[in-house]
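Please look through the structure shown below with attention to its side chains.

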Amino acid sequence: MATELFNLTGKVALVTGASRGIGAGIARLLAEQGAQVIVSSRKLEGCKAVADTIVDAGGKAEPLACHIGNMEDIGKAFGHIREHYGRLDILVNNAATNPYFGHILDTDLGAFEKTVDVNIRGYFYMSVEAGKLMREQGGGCIVNTASINALQPGVGQGIYSITKAAVVNMTKAFAKECAPFNIRVNALLPGLTRTNFAGALFADEGIYKTAIDHIPMHRHAEPEEMAGTVLYLVSDASSYTTGECVVVDGGMTACGGI
């Protein structure tokens, strides 16, 4: 008999940064397991394209534009969720930015502020608003997409790596304080994954080869390979798991590759 541990029927899930890459893969998998998925990103057109593929495949999805670096957008998004669904069972904080790739000493203020506003403030207040809804309804799950850069800064990715380290600590802080409300909070730490977001790493042949040489599986990941871990973390299969940061990197960090 097939397990029901991963069945998300009746659950409402919000996935940010879901118009492409890892977020799109997560949104599709959660919908396949029965969740009503709110596909969110900055631009509605991209969200609609992903939501349409979910609906065409027999799933339930709605596109919702929300720039998590904008507090007004966050407020509007959760106002919509309260009005149309009255609940939120799953939040996947996946939207992120990395506008600067270069030496840390040359990081300008604009790049610094944009990275912090999205990757730290955005995750924090998305989690606050989701957590309030979840507390009212008796529980829920939050998953934050961090990065293996949280464990060891990536070359040319100083401020991005710093924000992802903050996401790891944020995950643990929310997990500790929200556990009494039956809200579980965990994080996904992807390794090298082929996405538009990671384009700079793939464009630089030297950096890419160095990374592959340090990955025991000797390959990069595809976005869909991150989705299964998120499904585990938002399902009943992980009912006693909170405050954990799960590394999915082909063995790179476990084998001292960074």
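How many disulfides does a search of the whole structure find? The model is a predicted one, and the search finds zero disulfides. Cys47 takes part in no disulfide, and the nearest cysteine sulfur, in Cys66, lies 9.2 Å away. The side chain of Cys47 is buried, at a relative accessible area of 0%. For Cys178 the closest cysteine sulfur is that of Cys141, and the separation of 12 Å is too far for a bond. Cys178 also counts as buried, because its relative accessibility is 12% and the cut-off for that class is under 20%.

Leaving aside residues up to four places away in sequence, Phe78 touches Leu14, Leu88, Met126, Glu129, Ala130 and Leu133.

Which residues do ring pairs link into a cluster? They are Phe124, Tyr125 and Phe174, and the structure holds two aromatic pairs. The rings of Phe124 and Tyr125 have centres 5.0 Å apart and planes at 75 degrees, so this pair is edge-to-face. Phe124 is partly exposed at 34% relative accessibility, and Tyr125 is partly exposed at 33%. The pair of Phe124 and Phe174 is edge-to-face as well, with 5.4 Å from centre to centre and 70 degrees between the planes. Since Phe124 lies in helix H4 and Phe174 in helix H5, the pair ties together parts that are 50 residues apart in sequence. Phe174 counts as buried, at 11% relative accessibility. Another ring to inspect is that of Phe181: the charged end of Arg135 sits over this ring, 5.5 Å from its centre.

The charged groups remain. Side chains of opposite charge can pair when their charged atoms come close. The count of salt bridges comes to six. One of them joins Lys48 to Asp52, with the closest N and O atoms 3.0 Å apart. Lys48 and Asp52 are four residues apart in helix H2 (residues 44-56), so about one helical turn separates them. Lys48 is partly exposed at 44% relative accessibility, and Asp52 is partly exposed at 34%.

A further salt bridge pairs Glu136 with Arg82, at 3.1 Å from N to O. Why does this pair tie together parts that are 54 residues apart in sequence? Glu136 lies in helix H4, whereas Arg82 lies in helix H3. Glu136 counts as exposed at 55% relative accessibility, and Arg82 as partly exposed at 36%. Asp89 and Arg87 also form a salt bridge, the closest N and O atoms being 2.6 Å apart. Within that pair, Asp89 is buried at 5% relative accessibility, whereas Arg87 is partly exposed, with a relative accessible area of 31%.

Technical notes:
Residues numbered from 1 in each chain as written. Predicted model: local features only at pLDDT ≥ 70, side-chain atom pairs only at ≥ 80, totals over all residues. Heavy atoms only, no water. Contact = heavy atoms within 4.5 Å. Disulfide = S-S within 2.5 Å. Buried < 20%, exposed > 50% of the residue type's maximum accessible area, 1.4 Å probe, protein only. Phe/Tyr/Trp six-rings, centres within 6.5 Å; stacked < 30°, edge-to-face > 60°. Helix = DSSP H or I, 4+ residues; strand = E, 2+ residues; numbered from the N terminus. Lys NZ or Arg CZ within 6 Å of the ring centre and 35° of its normal. Salt bridge = Lys/Arg side-chain N within 4 Å of Asp/Glu carboxyl O.
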